[in-house]
Amino acid sequence: MQNANAMNRMNRLPVSGFHKTMLLAVSFAYFFEFADINSFATTAPKLIDLWGVTVDHVAYVTSLSFVGMFVGSLAGGALADQWGRKLALVRTTVFFGFFSLVSVFSWDLVSLGAFRVLTSAGLSAMTVVGVVYINEMYPAAVRGKYQAYAIVIGICGTPVTNLIASAVVPLSDWSWRLVYLWGSLGLLLVLFTRHLKESPRWYESRGDHAKADEVLREIEARVTAELGPLPEPAPPVAEAPVTKAPLRLLLQRKYLLPTLLLTVVWVTQTIGFFGYSSWAPTLLAKEGFSVEKSVFYVALTTVGAPLGSYLAALVTDRFERKWCLVAFGAVIAVCGLLYGLTFDPVLIIVFGFLVNLFERGYTALGYAYSPEVFDTRGRSLGTSVSYGLGRLSNAAGPLIVAALYTHHGYRSVFFFIAGSWLVGAVTLAVFGPRTRAARLARTAQQEKAATV
């Protein structure tokens with residue numbers, strides 16, 4: 001067999017129980033990613049009282065965590081190419097769940113910081129794999145919507161965790177550890193393993209067309225049994241097998257320009273979002289709010305996160321993703337700035353709610369947009385490098401936030417965060433490629449094109 005025609009055979013499938021099971025599995029992994037990603041932020045105010053931790057200490061741990069995310073992002077892309085999308089998804093989720101569990105037994109800030117770096121590496125690796133997995137397993141016409149649906153479910157991990165933290169952290173000197181125990185439940189993804197299939201497009205990219213055809217036949221049989229006969233796919237696309245995408249591949253013009261663009265997008269998103277979410281509880285506490293109130297206020301604001309992902313699901317396949325990202329980024333900048341200009345509890349919750357709503361929508365749109373600007377060969381590598389550089393940039397972000405707060409006050413932090421979002425929005429508006437026309441063309445005509 002010279003070509004299994006994986007892209008066209010997957011694109012012509014109607015959404016079925018197979019797709020919904022896969023959505024549930026990826027959403028489960030995302031849920032505990034988002035549950036775990038802000039665990040340190042929600043426990044830091046307690047550690048300031050308990051261990052004598054300072055704002056600078058919080059900055060160092062947060063910065064090192066983003067170094068871990070950078071390493072994890074690069075590893076995630078490489079592992080997805082080496083192991084396959086399915087196996088890499090399961091193993092990276094188990095990795096971050098294990099080190100979240102180990103964090104429960106931290107004895108000082110150094111040990112907790114080390115465990116958080118390893119947890120963060122697993123979180124980012126899983127995110128890269130999950131984005132690529134959904135991109136390759138869903139039909140092009142609905143890929144963005146289901147990527148957003150996965151985030152809708154997954155992002156619920158943020159408000160749930162913050163509400164849990166607001167309830168358990170104040171209970172005693174040890175109860176903060178329960179937040180990390182909760183985050184470790186991502187280990188249970190192993191229960192989904194037998195229900196998932198490897199990406200046929202991954203098999204085909206490695207030249208294993210027989211295995212790709214075998215998996216495609218299994219998927220098609222399940223869909224046919226549920227929904228009836230399938231339409232014929234478009235003719236196959238001839239592609240040279242790819243066993244490994246070397247890093248120098250990104251120096252080619254067709255990969256370099258989108259990698260640079262997405263690096264700016266993820267750098268500004270990372271600094272903008274984590275500058276807000278990682279610091280809000282600590283800065284509110286430093287400005288005179290009690291630990292209990294600061295954590296509770298932030299927990300209430302994160303209720304907007306699932307709604308933002310749902311909003312993204314409504315617009316992502318109906319409009320040009322580039323312009324949706326630009327609009328969402330501009331709104332986040334305005335709302336984030338207004339958040340920093342008020343100390344009224346009601347307005348803090350309102351503007352914080354809007355920041356979370358539009359930021360999570362932005363992230364869902366970004367997850368769908370990023371892999372579309374690469375072909376199969378460069379998808380994992382380009383996505384992982386740009387996403388990883390975004391995470392690495394925030395190794396400096398917390399140090400900048402700490403310095404701004406120390407020397408210029410609370411509000412200067414939010415001017416900085418708003419500026420980050422505006423830079424990303426303007427860059428996308430000027431340089432971002434449009435992807436909707438290509439998606440519509442593939443859907444309507446099933447064109448013989450390998451680049452998505």
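Let's start with Ser103: at 0% relative accessibility, this residue counts as buried. Buried here means under 20% relative accessible area, exposed over 50%, partly exposed in between, with a 1.4 Å probe and protein chains only.

A word on the source. This is a predicted model, where local features need pLDDT of at least 70, side-chain atom pairs count only at pLDDT 80 or more, and totals for chains, interfaces and linings use all residues. Residues are numbered from 1 along each chain as its sequence is written, and side-chain values use heavy atoms, without hydrogens and water.

Back to Ser103. It lies in helix 5, residues 85-103. Helices are DSSP runs of H or I, at least four residues, numbered from the N terminus. What does Ser103 contact, leaving aside neighbours within four places in sequence? Leu112, Phe115, Arg116, Thr119 and Tyr180. Contact means heavy atoms within 4.5 Å.

Next, helix 2, residues 17-37. It has 21 residues and reaches 30 Å from first C-alpha to last, close to the 30 Å expected. The expected span is 1.5 Å times one less than the number of residues. Helix 2 is mostly covered, with 17 of its 21 residues buried.

Helix 15 covers residues 304-315. Its twelve residues reach 17 Å, close to the expected 16 Å. Buried residues in helix 15 include Gly304, Pro306, Gly308 and Val315.

Last, Val190. This residue sits in the loop between helix 9 (177-183) and helix 10 (200-205). Val190 is partly exposed, with a relative accessible area of 42%.

Key
Helices (H or I, at least four residues) and strands (E, at least two) are DSSP runs, numbered from the N terminus.
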